[in-house]
Amino acid sequence: MNRKILCVIAFALCGVMTAFAGKPQWIAEVVFEKGTLHGVPFATLELTDDATGELAYVAMTDQGGWYDLGNVETGKVYRMVGSAAGYETLSKKIKPEPIAIPGNAWLGVALVADPAAEVDIPVTRWSPNELKPAEQTLEALIASVPGIVYEEGFLSDVDEGSVAFMVGGNVTTMRTFETLRDQFASFHVTYVAYYDLRAVPGSAYAGVLSVGLAEVDDASATLPQEAVGESTGWDFR
């Protein structure tokens with residue numbers, strides 16, 4: 001897989017869609033630790049077409065455990081694989097169905113903690129003053145982070161690995177990135193952090209660049225996430 005494809009996956013967080021037949025259903029929710037309901041950050045969730053073996057959708061959770069697969073074609077069987085540092089890999093078949101009321105379908109995914117696993121996600125943090133961007137723009141801020149390559153709206157590391165972008169711990173899509181870029185002067189940067197995921201088994205991304213932002217007139221603003229229960233109604237046995 002070349003760098004351009006990897007970058008698209010990292011930013012869209014919706015994966016690669018093949019030509020499926022079936023009504024699409026938007027699927028999102030929380031990946032959490034079974035027994036605690038704590039959201040699992042930076043978990044990778046993949047849906048593979050069980051008939052063809054092709055990867056159909058992939059998403060990464062944000063720092064609260066939230067994921068968004070986007071529009072998933074329904075009425076067919078997928079192999080769902082969830083993985084994260086410090087957790088047993090989840091692998092099961094599901095068959096998504098459209099919901100009767102238009103809107104998102106919420107699919108809670110539970111991962112079992114692995115006491116024997118070594119959790120090592122190196123993180124480097126900077127203050128805005130430490131990075132000293134060339135100008136007060138979002139692109140300049142990203143470009144000032146050591147080891148991050150910013151090109152045409154996509155982020156990668158020096159080894160051309162995909163880098164996901166999060167704001168306040170929340171996943172940012174291309175559309176929200178463009179809105180943020182246009183309104184960047186209205187926010188106050190509280191921190192910049194880079195999480196190195198290269199040693200995390202099953203991770204779809206080499207790392208995560210997370211930027212903390214708050215409204216200029218409310219520097220304490222936060223974006224909380226709530227974890228909910230596991231969903232098994234689509235399990236395919």
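Modeller: What follows is a set of questions about a predicted model.

Biologist: How is the protein made up overall?

Modeller: The protein has four helices and 15 strands. Of its 237 residues, 43% count as buried. Its accessible surface comes to about 11800 Å², and 53% of that belongs to carbon and sulfur atoms.

Biologist: Why is Gln25 called buried?

Modeller: Its relative accessible area is 4%. Buried means under 20%, so Gln25 is called buried.

Biologist: Where is Gln25 placed, and what is Gln25 in contact with?

Modeller: Gln25 is in strand β1, residues 24–33. Leaving aside neighbours within four places in sequence, Gln25 is in contact with several residues, among them Gly70, Asn71, Glu97, Pro98, Ile99 and Ala105.

Biologist: Where is Pro98 found, and which residues does Pro98 touch?

Modeller: Pro98 is in the loop between β6 (90–94) and β7 (105–106). Not counting residues up to four places away in sequence, Pro98 touches Lys23, Gln25 and Thr74. The C-alpha atoms of Pro98 and Gly22 are separated by 9.2 Å, although these two residues are 76 apart along the chain.

Biologist: Which residues line the second largest pocket?

Modeller: The lining includes Pro128, Gln136, Phe184, Phe187, His188 and Val189. The volume of this second largest pocket is about 200 Å³. Strand β14 (residues 187–196) gives the largest share of the lining, three residues. By kind, the lining residues divide into seven nonpolar, three polar and one charged.

Biologist: Why is Gln136 called exposed?

Modeller: Gln136 has 65% relative accessibility. Exposed means over 50%, so Gln136 counts as exposed. Gln136 is in the loop between α2 (128–131) and α3 (138–143).

Biologist: How far apart are Gln136 and Phe184?

Modeller: They are 48 residues apart in sequence and 8.1 Å apart in space, C-alpha to C-alpha.

Key
Residues are numbered from 1 along each chain as its sequence is written. This is a predicted model: local features need pLDDT of at least 70, side-chain atom pairs count only at pLDDT 80 or more; totals for chains, interfaces and linings use all residues. Side-chain values use heavy atoms; hydrogens and water are left out. Helices (H or I, at least four residues) and strands (E, at least two) are DSSP runs, numbered from the N terminus. Buried means under 20% relative accessible area, exposed over 50%, partly exposed in between (1.4 Å probe, protein chains only). Contact means heavy atoms within 4.5 Å. On a 1 Å grid over the protein atoms alone, a cavity is a set of points where a 1.4 Å probe fits but cannot get out, and a pocket is an open set with protein on both sides within 12 Å along at least five of seven lines; lining residues have an atom within 4 Å of a point. Grid points are joined across faces, edges and corners, and a volume is the space filled by probe spheres set on the points. Ala, Val, Leu, Ile, Met, Phe, Trp, Tyr, Cys and Pro count as nonpolar, Asp, Glu, Lys and Arg as charged, and the others, Gly among them, as polar. Accessible areas come from the Shrake-Rupley method with a 1.4 Å probe; for residues, only the protein chains shown count as cover.
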